[in-house]
Amino acid sequence: MTTRKKSKSRTKPAGKKSARKVVKLAPRKTAASADGLPRPSTKPWGQAGKALEGVRILDLSHVQAGPTCTQLLAWFGADVIKVERPGTGDITRGQLRDVPNADSLHFTMLNHNKRSIALDTKNPKGKQVLERLVKSCDVLVENFAPGVLDRMGLTWEHIQKLNPRMVVASIKGFGPGPYEDCKVYENIAQCAGGAASTTGFDDGPPLVTGAQIGDSGTGLHLAIGIVCALYQRNRTGRGQKVNVAMQDGVLNLCRVKLRDQQRLAHGPLTEYPQHPHGKFGEAVPRAGNASGGGQPGWILKCKGWETDPNAYIYFITQAPVWGQICKVIGKPEWITDPDYAKPEARLPRLKQIFDTIEQWTMTKTKFEAMKILNQYDIPCGPILSMQELAEEPSLRKSGTVVEVEHPTRGKYLSVGNPIKLSDSISEVKRSPLLGEHTDEIFKKVLGFSDKEVVDIKGSGATGGIPSKDAA
Ligand code: CAO
């Protein structure tokens, strides 16, 4: 009997049945016709299981990039089994601790809805367990340094032998090329992917952003790749490798800057603050707070800016509402003035225009300004602090900000699933304690007998006993 069969009662392997059927995408004659798809469920929305129910993930990921990906898959219903080194676990459990002896907020906020197994993958028994997990899971996710997975014995060839249906998803800092062997963290990816060179002000150094586009951004890219590979597996019956390099993920998010690099060859970037007074070099310059699109924007001071570092508003001079903008800020003459009436005429005067608008925004709080500008459909947005976001009732209501109870740290706030599916509702469950589910997984997922569990534990593979065989 395979380990897979033993675990049948908990989750059904994804694609096991459908791999034999080819899903045709021809239009269905009736809602109930077969065509490879089941009849539409009659269950109430949100009660027909979760999107990824039946998919089991072997999560070897750590820190942020990989855990972001597997957390998202877990929110969509995948059974995520996080393998962690006994004793320490994911290194982030102990980093930036705010509460003594409790898992860090970093760890708890990136590992919701997962199960944890403590396993020394360098212990021979631990290695056997790891292979059993490979046979029992649909997807392996890892973001080790280059070469680590191979050194663990899990080469692509070996995984294929153990489980040809497995999708093997990896994040590395760089793709094939001069830096492929490098270890990479968030800010390195931002720098190497084009974000830092295009962020900040012209007269300052390159700047990294607070948004974790290198780690979390790449994790999101990986999740999309995994779901596509699983979908393809439904037709082909076989797994595949899914690789995302952090440099590539960041560059993908900087797509518009590569656009501008090519536009630069044809003349100055007229929407950039360097136009018309500053100089353009050979590469896309840092554009300060200029809007990335064809609708010029800037960050403007609001009432209270002298003491509140976040009393600002982002204001876009969208062309279709130019007339409304002029009326609101008390410059109705600009509507017909040839220096201001058309978008092209405004481009060389943007600084002066924003300075004038700022005279108006400085008389209002950012929320007062929002209220007025929204009445006229003028695109704008308040600069919201983390404190304001944490307290925003609408984000609590939508489940984007959630309060979670944890056994050792008590209540904490987290960001919930930002992707809302109407038939797969996400519930945010606390992150697991280190090794919390080791026994449960040994017995219910891997089908080990009591004696086998005693043997594995006696070997030190789950920690506690120092392993003689450990490398
Ligand atoms: N049991 C035993 N050993 C384990 C283990 C387990 N359960 N889990 C991990 N290890 C071991 C690995 O086998 C590896 O050992 P060897 O080097 O001897 O083979 C070792 O832990 C360290 O792995 P690592 O090199 O990946 O970890 P690091 O802390 O040195 O580097 C990082 C961290 C993030 C820089 C590196 O993993 C990396 O570059 N990853 C790819 C890019 C990436 O994802 N960066 C994002 C980081 S933030 O999300």
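1. Helices (H or I, at least four residues) and strands (E, at least two) are DSSP runs, numbered from the N terminus. The loop between β1 (56–59) and α2 (65–75) holds V63. V63 has a positive phi, near 65°, although this residue is not glycine. V63 is buried at a relative accessible area of 17%, where buried means under 20% relative accessible area, exposed over 50% and partly exposed in between (1.4 Å probe, protein chains only).

2. This is a predicted model, in which local features need pLDDT of at least 70, side-chain atom pairs count only at pLDDT 80 or more, and totals for chains, interfaces and linings use all residues. Residues are numbered from 1 along each chain as its sequence is written, and side-chain values use heavy atoms, with hydrogens and water left out.

3. L96 is another residue other than glycine with a positive phi, near 55°. L96 sits in the loop between β2 (79–84) and α3 (105–110) and is exposed, its relative accessible area being 75%.

4. H275 and P276 are joined by a cis peptide bond with omega of about 0°. P276 belongs to the loop between α10 (255–264) and β7 (297–301).

5. Helix α17 (residues 438–445) has T438, I441, F442 and V445 buried. These residues lie on the same side of α17 because they cover an arc of only 115° around the axis, the arc being that of the directions from the helix axis to the C-beta atoms. Just after α17, G447 has a positive phi of about 70°.

6. Q387 is in helix α15 (residues 386–391) and counts as exposed at 55% relative accessibility.
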